[in-house]
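Please keep the sequence and the structure in view while reading.

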Amino acid sequence: MTVTPDADGVIAVGGGSAIDTAKHTSAELGLPAVHVPTTYSGAEWTTFYGIRSPDRIMRGGGGGANTVGIVYDVELTLDLPRSESAGTAMNALAHCAEALYVRGRNSSGDAAALAGAPLIGTALPAVLGAPHDREARTVLLHGAARSGEALGLAGLGLGHAMAQALGGTYGLPHGAMNALTLPPALEFNRALVPVEVARFGEAIGGDPVERPRELARLGGFERLRDFGVPREDLPAVAAATAARGGNLANPRPATPAEIEDLLVSIW
């Protein structure tokens, strides 16, 4: 990104990568930033960002962006490809689920999550069935906005920690990885916080583990092996996941061995 010396702000139009670039610029130069998301990632609601190399391998990150405004325009989402629509919407759904049980949960985050989850669960199949359905896209965008709000209020959990470790190691799409890791993370957490996970299931109108799995498959996301993740690498990915903030904010952090079992279940 090129910023002229007399710039008085940054505007990002795009998905999570574009918005993270603007947040990095905002933090580094102390400029206010306005985000115009064209996906459902929710990145526009947080002050932190990730930095990837050109081949999408994670190289670092930071925080401190000065976001002063978010603009949602459904017209910018109508041509979003199927995979990106499904993946970023599943990322948004994961924000809703995790906000209900992570250690940073709070009543405002709960409200946002419980408002966003049913909108996403209802609208995503409609969008995948008719990608240019403006009404369905509008509902999905509203749901994603509430999910981003929940993310900003409560934070991330185990599912995101696994998705970040996978995406950052192999350069894989963050949304697709969240689609795959959300169900096993919910299964793990159902034993720890059954009431909170059940609330999520009620919000999406189905079993809290199986319904997200159905939505992931509807979007074309089946197994980690489909993305070229080597089976023999899973212990290392599990160890990297265990150290991530999302896992540490889980109701109980999962051990590397437990995380490896979860990854094997979706491999």
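## Cavity lining

In this predicted model, helix 2 (82-99) and helix 3 (107-129) each supply at least two residues of the lining of the largest cavity. That lining is made up of Pro81, Arg82, Ser85, Val127, Leu128, Pro131 and Arg137, and by residue class it divides into four nonpolar, one polar and two charged.

The structure holds one cavity of 30 Å³ or more, and the space in the largest cavity comes to about 40 Å³. Rolling a probe the size of a water molecule over the atoms is what shows where such empty space is left.

## The sheet and its edges

Strands of a sheet pair through backbone hydrogen bonds, and they do so either in the parallel or in the antiparallel sense. Here three strands, in the order 1-2-5, form an open sheet with parallel pairing. Strand 1 (10-14) and strand 5 (66-70) each have a single partner strand and stand at the edges, so one side of each is left without a neighbour in the sheet. On average, and with direction ignored, neighbouring strands of this sheet are turned by 30 degrees against each other.

## Strand pairing and the packed helix

Between strand 1 and strand 2 (residues 32-37) the parallel pairing runs over five bridges, and Val13 stands opposite Val36 in strand 2. Helix 1 (residues 16-29) packs on the sheet, where it touches strand 1, strand 2 and strand 5, and the direction of helix 1 makes about 165 degrees with that of strand 1.

Note on methods: Residues are numbered from 1 along each chain as its sequence is written. This is a predicted model: local features need pLDDT of at least 70, side-chain atom pairs count only at pLDDT 80 or more; totals for chains, interfaces and linings use all residues. Side-chain values use heavy atoms; hydrogens and water are left out. On a 1 Å grid over the protein atoms alone, a cavity is a set of points where a 1.4 Å probe fits but cannot get out, and a pocket is an open set with protein on both sides within 12 Å along at least five of seven lines; lining residues have an atom within 4 Å of a point. Grid points are joined across faces, edges and corners, and a volume is the space filled by probe spheres set on the points. Helices (H or I, at least four residues) and strands (E, at least two) are DSSP runs, numbered from the N terminus. Ala, Val, Leu, Ile, Met, Phe, Trp, Tyr, Cys and Pro count as nonpolar, Asp, Glu, Lys and Arg as charged, and the others, Gly among them, as polar. Two strands pair if DSSP finds at least two bridges between them. Axes are lines fitted to C-alpha atoms, for helices over the stretch in contact, and angles run from 0 to 180 degrees between N-to-C directions. Contact means heavy atoms within 4.5 Å.
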